Protein chains: 2
Amino acid sequence: MHDVFELPAFELDGGAVLDPARLAYKTYGELNGTRTNAVLFPTWFAGDHTSNEWLIGPGKALDPREHFVIVPNLFGNGVSSSPSNTPSPHDAADFPAITIRDNVRAQHRLVTEHFGIERLALVLGCSMGALQTYQWAVSHPGMVERALPFCGAPRTSPHNAVFIESLRATLTLDAAYEGGRYKAQPLAGIRAFARVYAGWGFSQAFYWEETYRQLGFDSLEEFLTGFWEANFIGQDANDLLAMLRTWQDADVSATPGLGGDIERALGSIRAEVLALPAEKDLYFPPEDEVRAARHIPHGRVRPIPGIWGHLTGGGGNPADAAFIGDAVRDLLATPSPAALEPARP
Amino acid sequence: MHDVFELPAFELDGGAVLDPARLAYKTYGELNGTRTNAVLFPTWFAGDHTSNEWLIGPGKALDPREHFVIVPNLFGNGVSSSPSNTPSPHDAADFPAITIRDNVRAQHRLVTEHFGIERLALVLGCSMGALQTYQWAVSHPGMVERALPFCGAPRTSPHNAVFIESLRATLTLDAAYEGGRYKAQPLAGIRAFARVYAGWGFSQAFYWEETYRQLGFDSLEEFLTGFWEANFIGQDANDLLAMLRTWQDADVSATPGLGGDIERALGSIRAEVLALPAEKDLYFPPEDEVRAARHIPHGRVRPIPGIWGHLTGGGGNPADAAFIGDAVRDLLATPSPAALEPARP
């Protein structure tokens, strides 16, 4: 179960208007009386609010007895407004481009208008969730006390864009895609898409060491079908493409007023930032966040060691999940920077 | 211009017989009177004998005034026997699987039967050329004095196989492929194939730094079309798939008599081996060759620094080409191991 926040006549960065935009979300715990315990945890590519639950729960790093955790669903994920659930004229292949900033703007309205929250104790997220986390810290420097992006970056690198482009080229190659006006899902295209993704999702060493056996798969081929194809086969093709577009265009320096200047954008962040790149992440490699942190006033980087590559942030490996949980606890115990404007009473 | 060595009734590892198999090759320089100056330099995926010429020439590391360089074309490359040039019943999609060992066996006959060479001063190759180089050293330990594999490995890793699998899934997804019985090349499939390849061919940093500008491309999209698509668009789809299969199955430990034991296979090498992995190669990562060298009696590894990733070995970057040329000179100046059986007179 989840809730939906409706945004009437929501104008996107690209000019199109969703009327309404529907932002699906789920909350965990209760907002305290001083409204100081809110944590925002946006979702990743092709995930939904349930994808984040491995980090939320009694005794976990995000404990609902202590924190009020809001998990907003990424536009395009099939739960929030998406090609698959939006009526004409914005349905299917006519769904408009949505930026990371559009996502953050809608989330900001949910947080402030619906919940009356003026400060977020923490914003965190993995992968596309990390893209949103950085955007939050840039768009609302007076509101984000702490930010913990993991397996992500403040903007999508050109190499990452090439990977995304290869996914798009593969999926749309299926004749059954029919320019996005398919009657049935282009399953062959989605399967090929999953196989392209498979090489990028985990590290070279993960495959060498047959670590997929820990996930219950006895052979490489079983892993490709039972994990990778299964992960995407239930998704809508246009939804996947909409999220890819959001991902590909991500760039905090494109925030209005920053003139495309990445150092200025990062320099404007007031939050205490702890970035967790995964040591062997092939498409959000650690150097992206190491480079970025140099320009963030309170920016630190703590690489996650190991061989799970990008999926380090997925919660599937207990050691990685524990590492991330510990980092969340550490960051929550860190005082927010004095430079952050105090919340208005 | 090139020559062709015909092998009548050539039986492949898989049991099929090519009658004849045609091994295309080109030579540079002259075999000396003692037949001790022969260098064998097999080709890479989707390349041909001209692909290796950046390292061959007067004043270059392989100098035809000093060395007799033989460049055999990989089966499946459209010049040697391939789906595109073999008559029925082995044409097109019915072309049989060919192993790296099949390639080496045919080359061995060219070298010994046609040229009467009993010792190779050097075998070298990049990528699939490196796979052949390692196989030569394992299959003919008494014949290979020195081996210089670059941007390769002694066997295709499971991760590399996933990358290969994604290329195959993408190319064959094009409806125009028609199970390999196409009338015209499946160009959309080949273009998507090229885009998948693009992310793997160079490192993340290569794209960050827009190093493609050194190759004359002004934008990422121009690079994807003008370099990557252009590289594959002239190729035959079945040829590409045949070479992928050869690549995917490569494994020196599968050499008959070695019982699948990789340490034993590597331990049987008598050649002086200098492996040159590229520091940021994404699909033949340096750890593959570092691990392998531990088991090769005269094995050394000299990583090629820089950001060109797998294409470090392509000869397109002057610094990398110079590094590789220097390594070739160093290795040629190294005495061959005493353990190598002397050539019979």
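How many residues of chain B are in contact with chain A? In this predicted model, 34 residues of chain B are in contact, meaning heavy atoms within 4.5 Å, with 34 residues of chain A. Residues are numbered from 1 along each chain as its sequence is written, and local features need pLDDT of at least 70, while side-chain atom pairs count only at pLDDT 80 or more.

The area buried between the two chains, that is, the accessible area (1.4 Å probe) lost on being put together and summed over both, is about 3,000 Å², and carbon and sulfur atoms give 73% of it. On the side of chain B, Leu173(B), Gln204(B) and Trp208(B) lose the most area to chain A, together 25% of what that side buries. Four salt bridges are counted between the chains, each a side-chain nitrogen of Lys or Arg within 4 Å of a carboxyl oxygen of Asp or Glu; Glu165(A) and Arg195(B) meet in a salt bridge at 2.9 Å, N to O.

Within chain A, an automatic or database domain assignment separates domain 1 (3-157 + 250-340) from domain 2 (160-246), and their C-alpha centres lie 23 Å apart. The contact between these domains takes 35 residues from domain 1 and 34 residues from domain 2. Together they bury about 2,700 Å², with 62% of it on carbon and sulfur atoms, and Phe45(A), Leu282(A) and Tyr283(A) supply 26% of the area that domain 1 buries against domain 2, more than any other three residues. Two salt bridges are found across this domain interface, and elsewhere in the description of chain A the side chains of Arg181(A) and Asp94(A) meet in a salt bridge at 2.5 Å, N to O.

Methods: Chains lettered and ligands numbered in written order. Heavy atoms only, no water.
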